[in-house]
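Subject: Structure for your files

Hello,

Here is the structure I said I would pass on. My notes on it follow below.

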Amino acid sequence: EGEAQNFKKALVWFRKAADQGTIQAQVNLGDMYARGQGVAQSYKTARIWFRKAADQGNADAQCSLGIMCFEGLSVPQNFKEALVWHRKAADQGQDKAQFALGSMYAQDHGVPQNYKEAVVWVRKAADQGLADAQGCLGKMYWKGQ
């Protein structure tokens with residue numbers, strides 16, 4: 001039924017849509033380049049596509065840029081810039097960005113350590129069903145943070 005998985009064909013069609021400004025296609029291209037699906041893996045190219053979508057307000061792309069800045073993928077590690085991108089995505093309800101933001105507050109990455117603020121953001125992600133956030137929130141209560 002339907003088409004067999006084909007990253008090369010997906011890339012062609014996403015590229016056509018992305019070049020016309022389709023945000024989700026830009027995000028999908030960023031994901032494909034980040035993962036090396038149908039193309040040589042390239043965080044630099046992934047970042048370009050994520051940035052196009054992020055500048056149009058896409059929370060998933062903003063979260064991806066936050067991760068890239070946090071981990072130093074294609075750019076020098078920069079917690080402050082990671083914080084900016086994660087905050088933009090988290091404010092739109094993106095669960096992984098909310099969890100990342102909470103983790104940054106808990107671990108003193110880019111912001112002064114603040115467990116109260118960390119719990120607020122981790123809880124938002126946990127309430128959306130993000131298992132990693134739920135486990136982290138349990139650990140925070142367990143440790144009294």
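Arg47 lies in helix 3 (residues 43-54); helices here are DSSP runs of H or I with at least four residues, numbered from the N terminus. The model is predicted, so local features need pLDDT of at least 70 and side-chain atom pairs count only at pLDDT 80 or more, while totals for chains, interfaces and linings use all residues. Residues are numbered from 1 along each chain as its sequence is written, and side-chain values use heavy atoms, with hydrogens and water left out.

Arg47 and its partner

Arg47 is buried, at a relative accessible area of 15% (buried is under 20%, exposed over 50%, partly exposed in between, with a 1.4 Å probe and protein chains only). Leaving aside residues up to four places away in sequence, Arg47 touches Leu65, Met68, Cys69, Ser74, Val75 and Glu81, a contact being heavy atoms within 4.5 Å. With Glu81, Arg47 forms a salt bridge whose closest N and O atoms are 3.2 Å apart. Glu81 lies in helix 5 (residues 79-91) and Arg47 in helix 3, so the pair ties together parts that are 34 residues apart in sequence. Glu81 is partly exposed, with a relative accessible area of 25%.

Other salt bridges

A salt bridge needs a side-chain nitrogen of Lys or Arg within 4 Å of a carboxyl oxygen of Asp or Glu, and by this rule there are three. One of them joins Arg15 to Asp19, with the closest N and O atoms 3.3 Å apart. Both residues lie in helix 1, four residues apart, or about one turn of the helix. Arg15 is partly exposed at 39%, and Asp19 is exposed at 53%. Asp55 and Arg51 also meet through their side chains, at 2.9 Å from N to O; Asp55 is exposed at 52% and Arg51 partly exposed at 36%.

Ala18 lies in helix 1 (residues 7-19) and is buried, with a relative accessible area of 4%. Under the sequence exclusion used for contacts, up to four places, Ala18 touches Ala25, Gln26, Leu29 and Trp49. The C-alpha atoms of Ala18 and Asn28 are separated by 8.9 Å, the two being ten residues apart along the chain.

The buried residues of helix 2, among them Ala25, Leu29 and Met32, pack against helix 1, helix 3 and helix 4 (59-71). Gly36, which follows helix 2, has a positive phi, near 70°.

Regards

Technical notes. Helix = DSSP H or I, 4+ residues; strand = E, 2+ residues; numbered from the N terminus.
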